[in-house]
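Look at the chain below before reading on. The text then walks through a few of its residues and the partners they meet.

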Amino acid sequence: MRLTVIGTGYLGAVHAACMADVGHDVLGVDTDTKKIEALAAGRAPFFEPGLPEILTRNIRAGRLRFTTSLQEAADFADLHFVCVGTPQRPDSLAADLRHVEAVVDGLAPLLTRNGLIVGKSTVPVGTTRALSRRVTARLRPGVDAEVAWNPEFLREGFAVQDTLRPDRLVVGATSPHADRLLRDVYASMLRAGVPYVSTDPATAELVKVAANSFLATKISFINAMAEVCDAAGADVVTLADALGHDARIGRRFLSAGLGFGGGCLPKDIRAFLARAEELEVGEAVSFLHQIDRINHRQRRRTVALARQLLGGGFAGRRVAVLGATFKPDSDDVRDSPALAVTAELVAEGADVFVHDPQGLDNARAALPGPVYRADVVETCRDADVVLHLTEWRQYRALDPVRLSRVVRAPRLLDARNALDPAAWRAAGWQVRALGRPAPVPPPGTGDGLRVTIPQAVGPNCTAPTPGDPLSGVPK
């Protein structure tokens, strides 16, 4: 089939390349000339394992090309995927739909044949209906175009796998014709047994935000338990293991730590809250306010625990930070908890040195204060404390004995509960982690279990704003 993918950011570039890889003729469209030139040359504008190989293979095969022209897109195909961003609005929790609206407003008048516009971006429920009205108002006489929704469920670092071998396909369409077209698009996946959920557009829109809200709730639940464990002297890792044996709960995403970030979960749960208020059912999802607060509270707890490890303050102390991206296998620093903590360390006077396997350039652009280094050992040299903030596999492979020889003081804060505390303590390190008890100190040392954090987050507070250094990457 011939199809277009409009918007070649993270979602669109991966979708375009993978649709070509399953045999379709694909035209990617974007307004960013530099991005289009890079993609046309087989260069992914962001780090995603496997994507450069798929881009190159399909460009060479003639199944994939790129353009900046919506007119070319309208001429090329009758099936158009919309994959542009839906960021949080600067003035509210709601999603900003300007980019989605601009695509349909620009594309609809150019259509000369009946077509199908398929949204994949994460949007508030009711968006398909509203866009359908916009499209109808702009079509030429005699031309018909339907809008359907086919949400994405990509995980950064696994996006190629999640596109080619998804755990489910959800399609919200208003006609059998649109449903058949999308079944044809995904025919190879359906033959492989991928579940296909055919539903109405409103339900399809809700699936993605409901899934992200559930995931955020699970993550924040175990982080809340970590705070209880710190107060009670219990171990949140063992607690999570025990809970995970319950088939109704499961162990995945039940790992306590610094919390979630990125370009999806934080803004999606806030947009869900905003849309629920518009629908006059805000009370039904009001718990998501607390989920957001718990998530940001973990960032403050991490800073407080690091401060405690240093004896009360950061001024003049050298801090090594391992990880800048919001998750491993990505170069994405959007609303990165690691970078938010780093920003607070800088603000409190620490000399901060940061390492990340892929995200240094993006981190440097977002937060120019720290020193960024490509060598992890040099990053830790002469450090008074080492903070593990993003759980890259490379950090689990570090030799704590070797690293102890280059730091000024062997202190480790594992904010992701991903390192082996026994191995690091055996190498002479003082190790702390959120939700895990510290070894019983000798009498009089005062290394207690409780961590005092600023009372900036509470039941009567609003969600942190982008200007808050702990709410994400400073703008």
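This is a predicted model: local features need pLDDT of at least 70, side-chain atom pairs count only at pLDDT 80 or more; totals for chains, interfaces and linings use all residues.

Begin with A16, a residue of helix α1, which spans residues 10–21. Is A16 buried or exposed? Its relative accessibility is 0%, so A16 counts as buried, the limit for that class being under 20% relative accessible area. Leaving aside residues up to four places away in sequence, A16 touches V5, V26 and L64. V26 stands ten residues from A16 along the chain, and the C-alpha atoms of the two are separated by 6.3 Å.

The charged residues come next. Side chains of opposite charge can pair when their charged atoms come close. How many salt bridges does the structure hold? There are 31 salt bridges in the structure, and a few of them are described here.

One is formed by K208 and E152, whose closest N and O atoms are 2.7 Å apart.

Another salt bridge joins R393 to D329, with the closest N and O atoms 3.1 Å apart. Here too the pair links distant parts of the chain, the residues being 64 apart. R393 lies in helix α17 (residues 393–396), and D329 lies in the loop between β9 (318–322) and α14 (337–347). Since exposed means over 50% relative accessible area, R393 counts as exposed at 51%. D329, at 10% relative accessibility, counts as buried.

D179 and R183 both lie in helix α8 (residues 176–185). Where do they stand relative to each other along this helix? They are four residues apart, which is about one turn of the helix. The closest N and O atoms of D179 and R183 are 2.8 Å apart. D179 counts as buried at 12% relative accessibility, whereas R183 is partly exposed, with a relative accessible area of 34%.

Finally, salt bridges can be followed through a group of residues. Which residues are linked in a network of salt bridges? E101, D105, R134 and R138 are linked in this way.

Note on methods:
Residues are numbered from 1 along each chain as its sequence is written. Side-chain values use heavy atoms; hydrogens and water are left out. Helices (H or I, at least four residues) and strands (E, at least two) are DSSP runs, numbered from the N terminus. Buried means under 20% relative accessible area, exposed over 50%, partly exposed in between (1.4 Å probe, protein chains only). Contact means heavy atoms within 4.5 Å. A salt bridge is a side-chain nitrogen of Lys or Arg within 4 Å of a carboxyl oxygen of Asp or Glu.
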